[in-house]
Amino acid sequence: MTRRAVTQQYPETLPELPPRSRGVIGLFEENCTVCMLCARECPDWCIYIDSHKETVPPAAPGGRERSRNVLDRFAIDFALCMYCGICVEVCPFDALFWSPEFEYAETDIRDLTHERDKLREWMWTVPEPPPPDPSAEEAKETAAARRTADRRAAERSRPAEQAEQAEQAEGDREPGEGSAS
């Protein structure tokens with residue numbers, strides 16, 4: 001109340017958005033497994049997904065063929081979307097992200113259904129996540145993966161250490177010392 005109102009000159013001057021602001025949803029298509037969780041959990045039913053199954057040859061000889069879902073269509077109708085973010089939260093494979101883009105107005109409401117090509121373009125405007133808090137404890141998944149990696153590295157180094165010790169033991173022996181004639 002004590003400051004004077006200032007008019008933002010929007011088209012000429014872009015507003016400074018707060019970090020991690022919600023503008024539009026971006027799709028990282030490579031991570032999408034077509035699990036349909038986002039479409040099922042959306043309260044507005046504004047996400048449209050079409051897919052088909054494809055058989056993948058076995059990875060090793062004698063293996064069996066696998067089938068996987070292939071994404072044909074991923075579209076979001078932003079005329080219906082209420083920007084609740086449930087789809088971003090429930091995605092188990094991190095395929096959906098909030099982008100700060102907000103300039104996607106259309107002259108016709110039917111043009112607000114954006115297909116996967118447009119959603120992929122917005123993905124590259126998603127800011128990097130903030131760095132983890134240095135005083136926070138390590139995530140359980142990260143700690144378990146690090147322990148497993150350390151254990152495997154120790155197992156791999158044991159045979160090498162044993163071979164070095166055996167070579168040193170042979171080098172320490174004098175010729176004719178260890179053989180019985």
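Predicted model: local features only at pLDDT ≥ 70, side-chain atom pairs only at ≥ 80, totals over all residues.
Let me start with Arg-73, which counts as partly exposed because its relative accessible area is 28%.

The side chain of Arg-73 meets that of Glu-115 in a salt bridge, with a distance of 3.0 Å from N to O. This pair links distant parts of the chain, since Arg-73 sits in strand E3, residues 66–77, while Glu-115 belongs to the loop between strand E5 (113–114) and helix H3 (116–123), and the two are 42 residues apart. Glu-115, for its part, is also partly exposed, because its relative accessible area comes to 33%.

By the rule used here, the count of salt bridges comes to 8, and I will go through some others.

Another pair is Arg-146 with Glu-138, whose closest N and O atoms lie 2.4 Å apart. Arg-146 is partly exposed at 40% relative accessible area, and Glu-138 is likewise described as partly exposed, at 38%. Besides these pairs, there is a network of salt bridges that links Glu-29, Arg-116, Asp-117 and Arg-120.

Let me turn to the surface patches. Glu-161, Glu-164, Glu-167 and Glu-170 gather on the surface in a patch of negative charge. One of them, Glu-167, is found in helix H4, which covers residues 140–172, and with 59% relative accessibility Glu-167 counts as exposed, because the cut-off for that word is over 50%.

A nonpolar surface patch of about 370 Å² is made by Tyr-10, Leu-14, Leu-17 and Phe-102. Of these, Leu-17 lies in the segment before strand E1, residues 24–27, and counts as partly exposed at 39% relative accessibility.

Ser-21 is also found in the segment before E1. Is Ser-21 buried or exposed? At 17% relative accessibility Ser-21 counts as buried, because buried means under 20%. If we leave aside neighbours within four places in sequence, Ser-21 is in contact with Trp-98, Ser-99 and Pro-100.

Definitions and conventions: Residues numbered from 1 in each chain as written. Heavy atoms only, no water. Patch = residues over 30% accessible without salt bridge, like charges linked within 9 Å, V, L, I, M, F, W, Y side chains within 5 Å. Areas by Shrake-Rupley, 256 points an atom, 1.4 Å probe, with all protein chains shown as cover. Salt bridge = Lys/Arg side-chain N within 4 Å of Asp/Glu carboxyl O. Helix = DSSP H or I, 4+ residues; strand = E, 2+ residues; numbered from the N terminus. Buried < 20%, exposed > 50% of the residue type's maximum accessible area, 1.4 Å probe, protein only. Contact = heavy atoms within 4.5 Å. Lys, Arg positive; Asp, Glu negative; His and termini not counted. Charge placed at Lys NZ, Arg CZ, Asp CG, Glu CD.
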